[in-house]
Amino acid sequence: MLKIISYTNKYVRNKLLNDLRYPVNINFPITDNCNSKCVMCDVWKEKSDKDISPIQIRTIFDNKLFKKVKHIGLSGGEPTLRKDLVEIVDILLETLPKLKTISITSHGYHNEIWNSIIGKLKSLTNQHSVELKINVSIDGDKTLHNINRGTKSAFKKATKTIETLKQNGIQAQIQHTVTPVNFNGLNSSLKSIKGLSNDFVLRRSVEVARLDNKNTIKELGAYDRLNSVFSDFILNSKLLSLTANPARRLFYKDLAKRLSRGSSRKAPCYYQNEGLVVTATGELYHCSISENSIGNALSEDAHKLYFSEKSKSIRQSLLQNTCPKCLHDQSGAWSPFKLALEILEHKVPRVFQNTKKIKKLFGLTSSYLWSELKYFFRDKNISVSEAYEYATIIGAYGGEHVGDSAILGGVINRINKKYGVHDFLVLSTRPDRTKVWLDGLIFNDGIKVSVAKDEAISTEAIKGKELLVYAGGPIMELYQDLFMHLTTINNFKYRKIPFIIEGCGFGPFNNPFGEFLGKSILTKGDHLTLREKVKYDLDYVLEHDPAFDYIKSTDLATTRIDKSIIDICSQLKLNKSNVIVNLRPLWSKYATNENLNEVSENIINVLSELINTNPDKHFVYIPFNFDHYGFSDMEPAIKLKSKLANKTTNFTIIERELNFKECITVMTSCHLSICMRFHACIFSSSLGIKTIGIDYSSSGKGKVYGLFEQEKIERISSINTINIDELQSFVNS
C-alpha cells in the first residue's frame with residue numbers, strides 16, 4: 001500500500017509540476033570502448049583513451065545534484081573492459097545516498113571477468129541494501145546474434161555469462177535490439193531468449209548521439225518494413241502474456257501505435273524532468289537521444305550546469321521537437337489508473353478483450369444503423385456501367401498476408417480490365433501493413449494504388465465516376481469488419497455509387513446473425529463475382545480466386561528482386577530437387593478436434609521423418625503468415641526444425657516475411673510442394689509446381705479440399721489422415 005501511495009504521489013507531482021527536478025535516474029556509460037562490432041552502433045570505432053578515472057567519478061557524483069538518485073545504469077561501450085569496474089560501483093554506492101538499484105548492461109563476452117567480479121559486486125550492493133541488476137544483450141538465435149553483434153562467437157560467450165550469473169543467484173535481463181538485420185528472425189529469437197531467461201525486453205534500434213550511429217542506422221535501411229512487422233509482433237497477446245512487467249506491456253502498446261500509425265509518443269520518460277546522462281568523459285545530457293551537451297561536470301559544477309538557463313532551453317527544445325517522435329525505450333511513471341487496468345487485463349484478459357470488442361461494436365453498430373436508415377430511402381439497385389475513373393476497395397486489409405496481397409493484385413487487374421479503372425484507393429485498418437504488401441506487387445503502367453485508414457473515407461471524399469469494390473475476403477464472421485463494411489457500402493450507395501463484389505469467398509459462419517450480416521453484404525451488391533458457390537438465390541458469376549490469374553500473369557523478368565532473395569534461390573538451385581513445405585498452426589475455429597495438439601504433433605512427426613529419410617531432396621519451408629507471434633507459420637516451422645536430426649542439412653526455413661515478388665521467386669526454385677495454407681496451395685499450383693494439399697479442417701472437407709476439387713488438383717490429404725507413406729509416395733512421384 002505504501003508503494004502504491006508513493007507511486008501515485010510521484011505520478012501526480014510529475015503531472016502537476018512539469019519542471020526540471022533533481023535527477024532520480026542516471027544513465028552512466030562508463031567507457032566509450034567496445035570490442036563488439038554491432039551493426040547498429042559505431043562506438044567501437046572510437047578507441048577512446050579519455051574515460052574518466054575513479055577519482056573523477058567520485059568528484060562528479062559527490063555533487064549535491066545527485067543526492068536524490070535512486071537508480072543508476074552503467075553501460076558503455078562495454079563496461080567490463082574497465083578493470084576498475086568494481087571500484088567504480090563501490091564509489092557510486094558511497095556517493096549516492098538514496099540509491100535503490102544499480103544495473104550493468106553488458107554484451108556478455110567476458111565470462112571470466114564476470115565470474116571473478118560478480119561475487120564482489122553482490123557483496124558491495126548487499127552492504128548498501130542496493131539491488132544489483134545485470135542486463136545481457138542477446139539479439140536472436142546463435143546465427144542472428146553473431147551477425148547483429150559482428151562477432152563470430154558472440155552468442156556462445158553471452159549465453160555462458162548468463163549461466164554464470166544464474167549460478168551466482170542473478171537472473172539476467174535479456175535485452176534484444178531489433179534491427180533490419182535480425183528482425184525477420186523474431187520468432188526463433190524469442191525461442192532462444194525464453195530458454196535463457198524469463199525476463200527479456202525487445203527494443204527497436206534508434207539513433208543515439210553519443211554512439212555516433214546516425215549514418216549507420218540510415219545505412220541499415222528497410223525500417224518501414226521492420227516497423228510494420230515489429231508493431232504486429234509486440235502487440236500480439238502471446239508476447240504480452242510473456243511480459244510480466246505491466247509498464248513494459250504499456251510501453252509496447254504505445255510503441256506499436258507509433259511504429260504503425262506515426263502517432264506521437266504517449267509513454268512517460270523520467271529523462272524529461274528527472275533523469276540525466278553522464279558520459280564517460282563527464283559530459284551531461286538530458287537523455288541518450290539529445291545531441292546537445294549541457295556542459296562538462298569535470299570543469300564546471302554539475303548542479304549549476306543542470307539548473308542553468310542553457311540546460312532548461314535544451315530541455316524545452318527536446319520536449320517540443322524530440323520527445324513526441326522518440327522511439328527509445330527509456331520510460332517513466334505511468335498513470336496509476338492505466339497501470340491498474342493493465343494489471344487487471346493481464347489477469348483476466350478475456351473480460352477486457354470482450355469489453356473492448358463490445359465498446360467498439362456499439363460504436364460501429366450505431367454508425368451502421370444510421371447508414372442503413374439513409375440507405376433505406378435510396379434506390380437499392382444501381383446499374384453498373386462499363387467505365388469508371390476511380391475505385392475504392394474494401395475487405396480484410398490491415399491484417400493480410402502474402403496470399404491476400406496476390407488476391408488484391410488480381411482484383412485490381414480485373415477491375416482495370418473490366419471497367420478501365422486506373423486510380424485505386426484501398427481502405428485498411430492498418431495502412432502501414434497494406435502498404436508493405438503493395439510494395440511487393442507488380443502492376444501495368446498507369447495503375448495507381450494508394451492506401452488510407454478505413455474510417456478516413458467520408459461521403460464528402462467520394463469522387464464522381466467511382467466504384468466501390470469488396471475485394472478478396474472472404475466475407476466471414478468478423479463482426480467489427482461486417483458492421484464497418486456495411487456502413488461504408490450504405491454511405492456509397494446513398495451517394496448512388498455502384499457497389500460490386502469481386503473475387504470473394506463466403507464464410508465460415510457459426511452464428512445465424514453473422515450469416516445475416518454477411519448475406520446483407522451480398523444482397524447490396526450491384527454485381528457479384530464470387531469464388532465459391534453460395535446457397536442463396538442470388539445472381540452471381542462464379543470465377544476462381546483472383547490470385548490464380550495474378551500469379552500466372554506476373555513476369556518476374558521485368559521486376560527487381562532483393563539481392564538476399566536472389567542469393568537464397570541461387571543456393572536452392574544447386575540441389576537436385578527442392579520441395580516446398582508450408583504449415584499453419586491449427587485453429588479450433590476450423591479444426592474442432594479435442595486432440596488438436598496430438599494432430600499437430602503427428603503432422604510434425606510425419607514431416608520430420610520424411611525430411612530425415614530423403615537426404616537427396618531439399619525441403620524449403622516458406623511461411624505465408626509470418627508476423628503474428630504465437631499464430632504464425634513460423635510456430636510449426638520451429639517445431640519441425642527441433643524434431644530433425646542434429647546434422648540435417650536438407651532443410652531450410654525462409655525466415656522472413658516474403659512479399660509477393662519474393663515469394664514466387666523462391667517458389668519457382670522448387671519442384672514439389674506440400675502445403676497447408678490455402679494460398680500456399682494456390683501459389684504452388686498456379687506456378688505449375690506439383691502440389692499435395694493438407695486440409696486443416698477437422699472434417700477434411702474445408703477450404704483446401706474445396707480448392708483442389710474446384711481446380712481438379714488430384715493430391716489432397718487431411719490433418720486427420722496424413723501419414724509418411726502418403727507423403728513418400730508423393731515425393732517419389
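Contact here means heavy atoms within 4.5 Å. Helices (H or I, at least four residues) and strands (E, at least two) are DSSP runs, numbered from the N terminus. The model shown is predicted, so local features need pLDDT of at least 70 and side-chain atom pairs count only at pLDDT 80 or more, while totals for chains, interfaces and linings use all residues. Residues are numbered from 1 along each chain as its sequence is written, and side-chain values use heavy atoms, with hydrogens and water left out.

**View A. Packing of helices H2 and H3.** Pro54, Ile57, Arg58 and Phe61 of H2 are in contact with Glu87, Ile88, Ile91, Leu92, Glu94 and Thr95 of H3. By class, this contact has six nonpolar, one polar and three charged residues. (Ala, Val, Leu, Ile, Met, Phe, Trp, Tyr, Cys and Pro count as nonpolar, Asp, Glu, Lys and Arg as charged, and the others, Gly among them, as polar.) H2 spans residues 54–61 and H3 residues 85–95; their axes are 10 Å apart, at an angle of about 20°. H2 is therefore roughly parallel to H3, a term for angles under 35 degrees. Axes are lines fitted to C-alpha atoms, for helices over the stretch in contact, and angles run from 0 to 180 degrees between N-to-C directions.

**View B. The peptide bond between Gly76 and Gly77.** This bond is cis, with omega about 20°. Gly77 lies in the loop between strand E2 (71–75) and H3. Most peptide bonds are trans, and most residues other than glycine have a negative phi.

**View C. Ser129 in the loop between helix H4 and strand E4.** H4 covers 111–127 and E4 covers 131–137. Ser129 is not a glycine, yet its phi is positive, near 55°. Ser129 is exposed, with a relative accessible area of 64%. (Buried means under 20% relative accessible area, exposed over 50%, partly exposed in between, with a 1.4 Å probe and protein chains only.)

**View D. Helix H18 and the residue Lys496 just after it.** H18 (residues 479–494) has 16 residues and reaches 22 Å from its first C-alpha to its last, close to the expected 22 Å. The expected span is 1.5 Å times one less than the number of residues. Buried residues in H18 include Leu482, Phe483, Met484, His485 and Phe492. Lys496 sits in the loop between H18 and strand E14 (499–504). Although not a glycine, Lys496 has a positive phi of about 65°. Lys496 counts as exposed, at 54% relative accessibility.

Notes:
Angles under 35 degrees count as roughly parallel, over 145 as roughly antiparallel, 65 to 115 as roughly perpendicular and the rest as oblique.
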